[in-house]
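Subject: Structure handover

Hello,

Here is the structure I said I would pass on. Please look it over first; my notes on what was found follow below.

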Amino acid sequence: MKQTIITADVLDNTEIAPGIFRMGIHYPEAADRVRPGQFFNIYPDADRLILPRPFGVHAADRREQVIYLIYEVTGEGTREMAEKSKGAKVRVSGPLGNGFDLQEAREGAARENRQAPVQTVLIGGGVGTSVLQLLAEELLAAGTEVTAVLGFRKHPFGAEELRKTGARVLVSTDLPQEGVYHGNVCGCMEHYGVTGDLYFACGPRPMLKAVDEYVRTHGDDRALQVSLESRMACGYGVCLGCSTPMLEEQENGQEMIVRKRVCKDGPVFRGDEVVW
Ligand SMILES: Cc1cc2nc3c(=O)[nH]c(=O)nc-3n(C[C@H](O)[C@H](O)[C@H](O)COP(=O)(O)OP(=O)(O)OC[C@H]3O[C@@H](n4cnc5c(N)ncnc54)[C@H](O)[C@@H]3O)c2cc1C
Ligand code: FES
């Protein structure tokens, strides 16, 4: 299996918070079909940086045929990306992975005898908040009500863009900041009494584990979908470098631990599948 890698134009690459960039890439083949929770591989220019770097899709402008990524500069690959200005070229492939499953949200919202709107809760941590933009747009278009809870260490970003979709947006930070909840996303959800019918989360693994516990406490763990991160090599299912233990229900009803590929079988899994 081979991935198609295209060389695309960078249309925008703006620092939106310290060390956090938003890159717009002209990619017509992908902008039309990318779904929330899928990701793209960016191939570094420098020969010594062999492996592609994966990034979840932040937004897609279907009319202008642009995809947007938000990334944090953490090493050589992302440093190289940050140096690109408008008009530069970038090698990219995708969309990859399975993305969030929105079927239950769509069916629930379309049910005729429903008494109240389907409540969806979107939870993000750090750069993991980036994927909530396209997700919120699609859940709102499906007719659900959306509450997004964003957690940051110090400098929030993306909240205003998310509010423009019509979502209710709550922000928390680990370090005290004026006007936002001081603490983590679960504390924030407790504080504001946030519960929902369906939950979607993306962020660091300890945050996802805490969200899983929160959802178990407040309802049904099967209602949670999490987007996992893992070190990746190929990014499209062939090297097994990203495989991780997951619970799988067998035909006899028993659960077994099997290995799944985060890149190809995920990166989105149900909360109750993950071996935390
Ligand atoms: C499915 C998925 C979606 C992601 N989405 C985003 C996003 O939207 N925004 C964002 O800022 N970051 C995201 N990441 C993490 C991002 O891929 C890494 O931060 C980036 O690859 C680091 O590259 P680097 O060369 O700057 O750092 P280096 O540390 O020099 O990278 C060295 C190697 O480790 C890998 N690597 C390093 N950190 C990670 C990590 N956390 N997860 C997976 N591989 C890693 C790189 O691919 C590379 O092969 C995502 C990761 C995955 C798996
Ligand atoms: S990164 Fe190669 S199989 Fe997932």
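The protein chain is divided into domain 1 (6–96), domain 2 (103–223) and domain 3 (228–276), with bounds that come from an automatic or database domain assignment. This is a predicted model, in which local features need pLDDT of at least 70 and side-chain atom pairs count only at pLDDT 80 or more, while totals for chains, interfaces and linings use all residues. Residues are numbered from 1 along each chain as its sequence is written, and chains are lettered from A and ligands numbered from 1 in the order in which they are written.

Domains 1 and 2

The centres of domain 1 and domain 2, taken over C-alpha atoms, are 24 Å apart. In domain 1, 14 residues are in contact with 10 residues of domain 2 (contact: C-beta atoms, placed from the backbone, within 7 Å). On the side of domain 1 that touches domain 2, two or more residues come from each of strand 1 (6–17), strand 4 and strand 5. Strand 4 gives the most, five residues. Helices (H or I, at least four residues) and strands (E, at least two) are DSSP runs, numbered from the N terminus. By class, this side of domain 1 has 10 nonpolar, three polar and one charged residues (nonpolar: Ala, Val, Leu, Ile, Met, Phe, Trp, Tyr, Cys and Pro; charged: Asp, Glu, Lys and Arg; polar: the others, Gly among them).

Strands

Six strands form a closed barrel in the order 1-2-5-4-3-6, with antiparallel pairing (two strands pair if DSSP finds at least two bridges between them). Alanine 59 has tyrosine 68, in strand 5, as its bridge partner.

Strand 7 (residues 119–125) is joined to strand 8 (residues 145–152) by seven bridges, and the two run parallel. Glutamine 119 stands opposite glutamate 145 in strand 8.

Ligand 1

There are 21 residues around ligand 1, and Arg53, Tyr71, Gly75, Gly77 and Thr78 come nearest (a residue is near if its C-beta atom, placed from the backbone, lies within 6 Å). Strand 4 (53–61), strand 5 (66–72) and helix 2 (76–82) each supply at least two residues of this shell, and strand 4 has the largest share, four residues. The shell divides into nine nonpolar, seven polar and five charged residues. Domain 1 and domain 3 each give at least three residues to the shell.

Regards

Conventions: Two residues are in contact if their C-beta atoms, placed from the backbone, lie within 7 Å.
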